[in-house]
Amino acid sequence: MHQEEKNLSPYIGGILIGLLQIPSLLLFGKLLGLSSSYGSLSAYFLNIFYDLSFYPHIQKLLTGVGPWQLSLATGIVVGAYLSRKPKISLDIDPYWHYLGLQKKTVYTFSFIGGIFLVFGARLAGGCTSGHGLSGIATLSLSSFIVMSTMFLTAIAGFFGLKKIFREKN
Amino acid sequence: MLIATFFIGILWGGIFQKTGILRPKTILKQLSFEDFTMLKMMSAAIVTSFAILFLGHYFFDVHTLVKPFDLFPNIFGGIFMGIGIILTGACPGTAWAQLGAGYKNARFIILGGLLSATFYGMFLPEVEALFISNPQEKISLVF
């Protein structure tokens, strides 16, 4: 059910993503990043129900970098949808089963993890694309700190998670 | 403008899909050093971005693109993102791609992310008091 073949070499894919910086710089004068897309989408949602002038930091995301990253994110959803292999229905990645996690556990983990992910990205001022790609390319000190703490935590934590769940089952 | 970025996003999502980087398996196996797709891809993308910035140095004031530096938010943000990556098998960007690719758990990642972003915006002064220490300077190692 899950096909293993890869169509595109990661080197080529990486170079192509790097080249996407050119239109991004020329059109918007900004490097690629995605973490503001969450804030922007929630700002648009809240804008329907509330007067956002109480929350200037949310209101700020209705203009400028927020909608720009949101349209990037929407493009990613559509792009991934269009290029997916038809007839394959994915519930969750089978690798989760290999790790010994049940579907419901993965859903719960995803929800909690999503909270951590975006909170961390907002706090750090960028995500794996904003800091990892664009930040490192401008040799920002902050990006080196964020990326090293992020991957160290993730590597150590995943080692622990694997140990706990693989041994339990 | 937004339509143009939408098309950039479509290309980006397509590359995410075709290289298989959006799969939780690829990301998690990088963390256990069994699959180096993520490292290869990020390195290639960083080197390309760096070359572009280097060439465009005269056209773009690169220093304005440098990320602001603040030690504690950077460290804690990195730690929280690390925890998030293990639990979801995604980064904020690949979560969108997973949603498009049809992984059902990606919906919960997005939902959690939106909730988190909302509360972050609402309680930003409190969060700032907890973590943010110095005025955010833009420090780059070269530019």
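Which residues does B:I110 touch, not counting residues up to four places away in sequence? Select B:I110 and look around. B:I110 touches A:G114, B:A95 and B:L99; a contact here means C-beta atoms, placed from the backbone, within 7 Å.

**Before going on**

This is a predicted model, in which local features need pLDDT of at least 70, side-chain atom pairs count only at pLDDT 80 or more, and totals for chains, interfaces and linings use all residues. Residues are numbered from 1 along each chain as its sequence is written, while chains are lettered from A and ligands numbered from 1 in the order in which they are written. Color by pLDDT, the predictor's confidence in each residue, from 0 to 100. Chain B averages 88, and 97% of the residues score at least 70. The model scores ipTM 0.90 and pTM 0.89.

**Stop 1: chain A**

Chain A has nine helices and zero strands. Helices (H or I, at least four residues) and strands (E, at least two) are DSSP runs, numbered from the N terminus. The C-alpha trace of chain A spans about 50 × 40 × 40 Å along its principal axes. Chain A holds 169 residues, and 52% of them count as buried. Buried means 20 or more other C-beta atoms within 10 Å of the residue's own, exposed means 12 or fewer, and partly exposed lies in between, with C-beta atoms placed from the backbone. Of the contacts in chain A with a separation of 6 or more, 54% join residues 24 or more positions apart.

**Stop 2: chain B**

Switch to chain B. Eight helices and two strands make up its secondary structure. From the N terminus on, the order is α-α-α-α-β-α-α-α-α-β. The C-alpha trace of chain B spans about 40 × 40 × 35 Å along its principal axes. Of its 143 residues, 57% count as buried. Residues 24 or more positions apart supply 55% of the contacts in chain B with a separation of 6 or more.

**Stop 3: the interface**

Show both chains. 98 residues of chain B are in contact with 105 residues of chain A. Select helix α1 (residues 2-19) of chain B: the largest share of the side of chain B that touches chain A, 17 residues, comes from this helix. That side of chain B divides into 62 nonpolar, 30 polar and six charged residues. Ala, Val, Leu, Ile, Met, Phe, Trp, Tyr, Cys and Pro count as nonpolar, Asp, Glu, Lys and Arg as charged, and the others, Gly among them, as polar.

**Stop 4: a helix crossing between chains**

Select helix α8 (residues 128-137) of chain A and helix α3 (residues 37-55) of chain B. Their axes come within 8 Å and cross at roughly 35°. Axes are lines fitted to C-alpha atoms, for helices over the stretch in contact, and angles run from 0 to 180 degrees between N-to-C directions. On the α8(A) side, the contact is made by A:G132, A:L133, A:S134, A:I136 and A:A137. On the α3(B) side, it is made by B:M42, B:A45, B:I46, B:S49, B:F50 and B:L53. The residues of this contact divide into eight nonpolar, three polar and no charged.

Center on A:L133, in helix α8 of chain A. A:L133 is buried, with 29 other C-beta atoms within 10 Å. Leaving aside its neighbours within four places in sequence, A:L133 is in contact with A:L32, B:M42, B:A45, B:I46 and B:S49. A:L133 and A:G33 are 100 residues apart in sequence, yet 8.2 Å apart in space, C-alpha to C-alpha.

**Stop 5: an enclosed helix**

Select helix α6 (residues 92-101) of chain B. Ten of its ten residues are buried, so this helix is largely enclosed by the rest of the structure. Among the buried residues are B:W96, B:Q98 and B:L99. Step on to B:G102, which follows α6(B) and has a positive phi, near 105°.

Return to B:I110, in helix α7 (residues 105-122) of chain B. B:I110 is buried, with 25 other C-beta atoms within 10 Å. Its C-alpha atom is separated by 8.4 Å from that of B:P92, 18 residues apart along the chain.

**Stop 6: the nonpolar core**

Select A:I76, B:F16, B:M81 and B:A95. Of the 84 residues in the largest nonpolar core, these four touch the most other members. Such a core is a set of buried Ala, Val, Leu, Ile, Met, Phe, Trp, Tyr and Cys residues joined through C-beta atoms within 7 Å. Helix α7 (residues 103-124) of chain A gives the largest share of this core, eleven residues. Finish on B:M81. Not counting residues up to four places away in sequence, B:M81 touches A:L117, A:G120, A:A121, A:A124, A:C127 and A:M150.

Note on methods. Two residues are in contact if their C-beta atoms, placed from the backbone, lie within 7 Å.
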